[in-house]
Amino acid sequence: MFTVLFSLDPLIALRIFLAFLTAFAIVTGCGNRFIAWLHAHQNQGQPIRENGPQSHLLTKKGTPTMGGILIVAAIATAALLWADLANVFVWLCLAVLLVFGLTGFADDYVKVKKHTPDAMTAKMKLLLQFATALAVVWIVTVQTPPSVRFGVTVPYFHGLLNLGWFYLPFAMIVIAGASNAVNLSDGLDGLAGGLSLIAFAAFALIAFVTGIPAMNTVSGVFIPGTVEVAVICSAAVGACLGFLWFNCAPAKVFMGDTGSLALGALLGTVAVMTRHEILLAVIGAVFVAEALSVMIQVFWYKRTQTRVFLMAPIHHHFEQKGWKETTVVVRFWIIAVVAATIGLSSLLF
């Protein structure tokens, strides 16, 4: 196996490691100056929702947002330095980071300037997200071998479920859904960053084995070029780990929509590229729970004028039950690690 791997690229393991190290170094090395710059340009920091946990009004007031700029820049720089720039998947990942990052930045900018927690409407966000997702899915589908073009890997069965042309809207929902799910998870110090780190670490391994023919029996599918996606995932792990240095409680900076929308979209794109979309729901179980809690809460409240959860997303529900913020975050991280382990176990059985 190792002979096959190193005959493909003797430096692939080194490049994956250097992408992680580069992104981590950029975020940690530039973090303090960048946060100081944000403070200078954001007088009141990120607006805090008045209908959210009341403790947040005091503890998080004045904290600058748009820290996602540093995350996106670190991932992009590491990718440009260590990924194969002849690989179309690399450029697609960078395009997703940029477009979704700019979408989040526009939202964050209006929030800070007008000092309102509500800026871009949900319809505007969804329109931009699905339009970008459509372009990405189409290009990925064309670049994928015909034998797996419209297929979705079924965990534990090592086989493909052929969806035909229904695959296109399905993949679009995966990308846009992942973007919004990570965005909804970004409500506590260190939560979204830690969950993203765990998910990207898992998908770095998935992308690695999916792109190597000798590991076809492990991943269940072989897609040329996805080894380079592992470099992108590794860079994302490094950027998220570095960001946690400044985002752990009490946070010095928030990633904002700039970071959460970009990270979620990138995660969804990686799942589509590797054809492990279903596995994303397992590995990202906490993200799924966060999104579902909001959907259930909104649906049920409109029907009955009562709430299922004390507050949504679900991390606020546990805060309202008396859990400390750090307790919620660490326990959600633990659940994410268990979910990722269960998901990765499907590669072995």
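**Core, rings and a loop**

Analyst: Leaving out residues up to four places away in sequence, phenylalanine 203 touches Cys233, Leu267, Val270, Ala271, Thr274, His276, Leu279, Leu280 and Ile283. Keep in mind that this is a predicted model.

User: Which residues touch the most other members of the largest nonpolar core?

Analyst: Ile75 and Phe203 do, in a core of 101 residues.

User: OK, rings next. How many aromatic pairs are there?

Analyst: The count comes to eight aromatic pairs. One of them is phenylalanine 34 with tryptophan 37, which is stacked, at 6.1 Å centre to centre and 20° between the planes.

User: Where do phenylalanine 34 and tryptophan 37 lie?

Analyst: Both are in helix α2, which covers residues 12-41. They are three residues apart, about one turn of the helix.

User: And is phenylalanine 34 buried or exposed?

Analyst: Phenylalanine 34 counts as buried, because its relative accessibility is 15% and the cut-off for buried is under 20%. Tryptophan 37 has 47% relative accessibility, so it counts as partly exposed.

User: Which residues form an aromatic cluster?

Analyst: Trp138, Phe150 and Trp165 form one.

User: Phe150, then. What is threonine 141 in contact with?

Analyst: Phe150 is among its contacts, along with Arg149, Tyr167, Leu168 and Arg275, leaving aside neighbours within four places in sequence. Threonine 141 is placed in helix α6. It counts as buried because its relative accessibility is 4%.

User: Moving on to proline 145. Where is that found?

Analyst: Proline 145 is in the loop between α6 (122-143) and β1 (151-154).

User: Why does proline 145 count as partly exposed?

Analyst: Its relative accessibility is 22%, and partly exposed covers the range between the buried cut-off of under 20% and the exposed cut-off of over 50%.

User: What is proline 145 in contact with, leaving aside neighbours within four places in sequence?

Analyst: Proline 145 is in contact with Ile223 and Pro224. Proline 145 and proline 224 are 79 residues apart along the chain, and their C-alpha atoms are separated by 8.2 Å.

User: Last one, back to rings. What sits over the ring of tryptophan 323?

Analyst: The charged end of arginine 331 does, 4.6 Å from the centre of that ring.

Methods:
Residues are numbered from 1 along each chain as its sequence is written. This is a predicted model: local features need pLDDT of at least 70, side-chain atom pairs count only at pLDDT 80 or more; totals for chains, interfaces and linings use all residues. Side-chain values use heavy atoms; hydrogens and water are left out. Helices (H or I, at least four residues) and strands (E, at least two) are DSSP runs, numbered from the N terminus. Buried means under 20% relative accessible area, exposed over 50%, partly exposed in between (1.4 Å probe, protein chains only). Contact means heavy atoms within 4.5 Å. Rings of Phe, Tyr and Trp (its six-membered ring) pair if their centres lie within 6.5 Å; planes under 30 degrees apart count as stacked, over 60 as edge-to-face and the rest as tilted. A charge sits over a ring if NZ of Lys or CZ of Arg is within 6 Å of the ring centre and within 35 degrees of the ring normal. A nonpolar core is a set of buried Ala, Val, Leu, Ile, Met, Phe, Trp, Tyr and Cys residues joined through side-chain atoms within 4.5 Å.
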